Structure formats: C-alpha cells, structure tokens
Amino acid sequence: MDPSISSEPAADFPAVLRRQGLHPAPFLAAPHPASAVPDSTHATTILAFKFSGGVLMAGDRRATAGNVVVYDRADKVLEIDRHSLMAIAGVPATAWEMARVLEHSFQFYRRTQLQEMSLDGKVRALSKLLRDNFGFVMQGVGIVVPIFATYDAPAQAARLYFYDAMGAQFEAADYAVSGSGSPAVRSVLYYENTWGARPLRERTREEAVILALRALDTAADLDTATGGVDRRGRIYPILKIVSVAGISTLGDEELASVFRQNV
C-alpha cells in the first residue's frame, strides 16, 4: 500500500485532496504579499418570500472585498425575463455573467420555439450554470449562491427556488435567504411566518415591503458586509415583485416613505 495514502476514511472528496496536498486551499492560504492575492468582490444579502400577491425579492446594495466596501449601489436582484427574477449572493462578476447567459438562453428558446421555456427548464438552466462553475468554487473564487423566482402560468402561482454552490436546487415553501447576513434575515422571516400576526403568504403588498425592509435593516446592524439604508445618499435596497402581471420594481420614493414611517 502506498504509505502516502492515509487509511483513515475520507469525509468527502475535498478532504482527500487536502491530505494529498492537491487541494487549492493550502496554496491560497500560504503567506503572500498583501498586493499579490487581492480579495475578490462579494455581494450580500438577499431574501425572497411569498406573499398574497406573488413573490417579493430584495437585496441590499453593498459589495465588499475583505473589509473594504467596493461599491454601495450594486444591483443584486436581476430581471431574467418578463416573469423571472434572480437574486445574487457571492462574486458579482460570476453572478452577473450567469444572469446574462440565463437571459439570452430564455430569449433564444422563446424566439426559436415560439413559446416560453417551461418552469423545469428555467430552474435547471440555472442549476447547470452553477455546476459548470464548480471548478472555480473549488479554487476558492467565483462562488455564487443565488435565489430564483418565477411565475408558473399553468399552475397560476409564483414559485421560489434556492440553490447551493454545486447547483442543487430546492423549492422554498415560504421564503429563501442567502449571503453573509442570511442568518439574521432567516430568523426574522421564521419568526414572522410562525408567530407573526399572520403567515407570510397572507401578507399584503404593503406588509411584505415593510417586512423586507426591516429584515435587511436587521441584517445591516449585525453584519458589516450588508449595507443599510443611506438616507443622505438616498440609497435603498432593491425590491422587486414577480406576479401574474409580470415584474414590478419599487421606486426609491416609495421605499423612502415606507422606511421613514415604519422602519
């Protein structure tokens, strides 16, 4: 038996690579000059939940690289087609490219087949992009953990999905969160859905908007990578709603009014 191969059971494939010195993490963790290995830019925090009018999807505006705020107006909630939204957490460069590829794929299918892509087709298209990106994830760069929402016309219902970095897809019953501020947001949504005045699915549009702003404001207080509301710069989170009528975006004036009165 090769003495270099450990007889201990491996927890997973990355663990085997680490024991053999083949996993990229040791090389990334080795000491380098500060300028040699710059921190990649990351975007957080995103959330989505079902309410009486469809699915509300929201994201803060901050993009960070390590402890540096790179940008405070990042758009993390992207429109893919007339009834589909994708929220991004992770590396924006990779996530925005995935969104562009997804948008073009949906357009190509619609124009060549003269019909919309099926729900399963849309969900699996994003899953495939994440699987194809797994090589970069293993190298410690390019990780993306998105949320996807779309309106299912045959079922006459809005559908919500979340993913892991390897492309596994999960349908959310009520809400989904991702990003560094997600623990705080998940706690808020769980409490409101379980012990609030009524379940999230029964909330009105106004109640849903208030809850989303409060959840992101909570995350901003507890997570430095999550951007809060900049009243002086008039920078508010991105909030979009997907419903049977399509996609609607909440303007800054409406968000400012709601935030001032309720948050």
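Author: Before we dig in, contact here means heavy atoms within 4.5 Å. This is a predicted model, where local features need pLDDT of at least 70, side-chain atom pairs count only at pLDDT 80 or more, and totals for chains, interfaces and linings use all residues. Residues are numbered from 1 along each chain as its sequence is written, and side-chain values use heavy atoms, with hydrogens and water left out.

Reader: Thanks! Which strands does helix H3 lie across?

Author: Helix H3 (residues 92–113) lies across S6, S7 and strand S8 (147–152), at about 20° to S6. Helices (H or I, at least four residues) and strands (E, at least two) are DSSP runs, numbered from the N terminus. Axes are lines fitted to C-alpha atoms, for helices over the stretch in contact, and angles run from 0 to 180 degrees between N-to-C directions.

Reader: And what about helix H4, which strands does that lie across?

Author: Helix H4 (residues 119–132) lies across S6, S7, S8, strand S9 (157–163) and S10, running at about 15° to S9.

Reader: In what order do the strands come in that open sheet?

Author: The order is S6-S7-S8-S9-S10, with antiparallel pairing; two strands pair if DSSP finds at least two bridges between them. Strand S6 (77–81) and strand S10 (169–171) are the edges, each pairing on one side only. From one strand to the next, the twist averages 25°.

Reader: How many bridges link S6 and S7?

Author: There are 4 bridges between S6 and strand S7 (residues 84–87). Asp81 has Ser84 in S7 as its bridge partner.

Reader: New topic: what joins S12 to S13?

Author: A hairpin does, through 2 residues. Strands S12 (residues 238–243) and S13 (residues 246–249) run antiparallel, joined by 4 bridges, and Ser243 stands opposite Gly246 in S13.
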